[in-house]
Amino acid sequence: TTDLWVMSIDGTDKHALTSFERGAHLRGIEWSPDGTRMLFVKNLPSTSGVESAELWLIESDGSQRRIAVPGDLASIIYWSPDGTRVALYGSNGAGPDFSADMYIAPLDGSAPVVIKDARGATWSADGQSLAITHTTGPNGPREGDPTPPGTIEVVGFDGSGRHNVATPTGDPDLSYYMWAAP
């Protein structure tokens, strides 16, 4: 079991923030931009051998709450500059309909926005949009998806206005990329 601890910079005042059940572990621990809150992904043990994951927020007063996000979360979390939303990478499972998606989760408890076939996010300075990388699942692009993997796109935090800003070119095995702006 992995628990989350904090301490003062000089090593004093060490104390646990979490106490999880046996077999649970953490990943993707990220401080908020203002340093007062923390997000983390909690992986839960399973009798089937397939872990599930939950996104948790710890407030400055030590209170914790789960943030509802669909799919199986990865460990990569990107806070919005104002700390009101988080972008995170996840997947919807496995099989022929597998997809790698980005979730924009408002921390006020409202429903997350799913941005299909995306990973790697960089927020704009004003927090209104993100630069993302278009990706595909292990089975290749979704039917009818003309966008090549590796394309850099910009999308609004609400999922609107998604557009291409640079398309990759490179060798056939994609061991390197170069981008061409439209």
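Strand 5 and strand 6 make a hairpin in which five residues separate the two strands, and Gly62 in the turn has a positive phi of about 95 degrees. The model is predicted. In the protein there are 15 strands and zero helices.

**The protein as a whole**

- The protein has 182 residues, and 38% of them are buried.
- Its accessible surface comes to about 9800 Å². Carbon and sulfur atoms account for 54% of that surface.
- Of the contacts between residues at least 6 apart in sequence, 31% join residues that are at least 24 apart.

**Strand 5 and its partners**

- Strand 5 runs over residues 52-58 and is mostly covered, with six of its seven residues buried.
- Strand 4, residues 38-44, pairs with strand 5 in the antiparallel sense, and seven bridges join the two.
- Within this part of the model, Lys42 has Glu54 of strand 5 as its bridge partner.
- Strand 6, residues 64-67, also pairs with strand 5 in the antiparallel sense, here over four bridges.
- Leu57 stands opposite Arg65, a residue of strand 6.

**Two aspartates with positive phi**

- Asp13 has a phi near 60 degrees, which is a positive value in a residue other than glycine.
- The place of Asp13 is the loop between strand 1 (5-6) and strand 2 (15-16).
- Asp13 counts as exposed because its relative accessibility is 53%, and the cut-off for exposed is over 50%.
- Asp117 has a phi near 50 degrees, again a positive value in a residue other than glycine.
- The loop that holds Asp117 lies between strand 10 (113-115) and strand 11 (118-123).
- Asp117 counts as buried because its relative accessibility is 5%, and buried means under 20%.

Conventions
Residues are numbered from 1 along each chain as its sequence is written. This is a predicted model: local features need pLDDT of at least 70, side-chain atom pairs count only at pLDDT 80 or more; totals for chains, interfaces and linings use all residues. Side-chain values use heavy atoms; hydrogens and water are left out. Buried means under 20% relative accessible area, exposed over 50%, partly exposed in between (1.4 Å probe, protein chains only). Two strands pair if DSSP finds at least two bridges between them. Contact means heavy atoms within 4.5 Å. Accessible areas come from the Shrake-Rupley method with a 1.4 Å probe; for residues, only the protein chains shown count as cover.
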